[in-house]
Amino acid sequence: MKNGKGLNIALTIVSVMVIGVSGTLLVRYIRNKRKNNFNKPTSKNFWPKVLYGVITREYGGGKSCPDDCSSRGCYGKRYTDVLCLDSGTIGIAHFAAGGLKKVYEVMDTNKYFGRSKSEMINNYADRDSGASDNQWWLDGFRKWVSEPKNNKVQDDLFRKSRQSAVDSAKENGWTTDREFAIAVGVSNSYGNGGFRSKASNNDWDAEKTLEWYRRQSTHKNNRAIAIDKWFPKNKAVKINI
């Protein structure tokens, strides 16, 4: 009996070890598969890749911002960000000011804020609105961004917000994933109209535009470095998006 009991214990230990190793290998497989998917430049993975690698700087390295709605000690962007910058900045692309109008349009604002879409759009989508001074606004958005189903909503909002810049780049001869990443990165800082102006000032030369951009601030240089990392010049490929 004792030998049988000892054998069962040994088998249990071995089983746990196998499960543990299998779980570790599974996590590594998922991470590697995701990385490999990003390494294959296609029209299908461009938007997730540019959002992850360039705009969010790899989700801010996995580090969250403080609970007091400041950005102290954190960098990059996360789906769950709710910050007090510019009277309220939220989500994976740091939607703020006028950009919040698009967010309100796809939300059930009565559910999260107890207010209509028109009231939110007209009164709480401006850099001087003071939206983030209200606890109900912070609580409502914290609840919304915490729901995983809204990650895809944020992804779609981001893509739609930057598509105009990509379209303008295409109209002016830009064809590669790297060039489109430059368009997305610059337009995320200056807006789509601002991107068109800056690119035009640089003769619609993508590399000249990027070199100009990286000199404007430390933040913009960090984004340019991210473009170089995720969309290296020597691996640029033509895609249609």
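Me: What makes a pair of cysteines a disulfide?

Reply: A disulfide is a pair of cysteine sulfur atoms within 2.5 Å. In this predicted model, the structure holds two disulfides.

Me: How do you know that C65 and C74 form a disulfide?

Reply: The sulfur atoms of C65 and C74 are 2.1 Å apart. The cut-off is within 2.5 Å, so the pair is counted as a disulfide.

Me: What is the handedness of the link of C65 and C74, and are these cysteines buried or exposed?

Reply: The link of C65 and C74 is right-handed, with 90° about the S-S bond. Both C65 and C74 are buried.

Me: What makes C69 and C84 a disulfide?

Reply: From S to S, the distance between C69 and C84 is 1.7 Å. A disulfide requires sulfur atoms within 2.5 Å, and therefore C69 and C84 qualify.

Me: Which parts does the pair of C69 and C84 tie together?

Reply: C69 lies in the loop between α3 (57–60) and β1 (82–83), whereas C84 lies in the loop between β1 and β2 (89–90), so the pair ties together parts that are 15 residues apart in sequence.

Me: Why is C69 called buried?

Reply: The relative accessibility of C69 is 8%. Buried means under 20%, so C69 counts as buried.

Me: Why is C84 called partly exposed?

Reply: C84 has a relative accessibility of 28%. Partly exposed lies between the buried limit of under 20% and the exposed limit of over 50%, so C84 counts as partly exposed.

Me: What pattern do the disulfides of the protein follow?

Reply: With bonded cysteines counted along the chain, the pattern is 1-3, 2-4.

Me: What makes helix α2 mostly covered?

Reply: Helix α2 spans residues 46–55, and nine of its 10 residues are buried. Among them are F46, W47, L51 and Y52. Just after α2, R57 takes a positive phi of about 50°.

Me: Where is N172, and why is this residue called partly exposed?

Reply: N172 is in the loop between α8 (149–171) and α9 (177–201). The relative accessible area of N172 is 35%.

Me: How many residues apart in sequence are N172 and W204?

Reply: N172 and W204 are 32 residues apart in sequence, and from C-alpha to C-alpha they are 6.7 Å apart in space.

Technical notes:
Residues numbered from 1 in each chain as written. Predicted model: local features only at pLDDT ≥ 70, side-chain atom pairs only at ≥ 80, totals over all residues. Heavy atoms only, no water. Helix = DSSP H or I, 4+ residues; strand = E, 2+ residues; numbered from the N terminus. Buried < 20%, exposed > 50% of the residue type's maximum accessible area, 1.4 Å probe, protein only.
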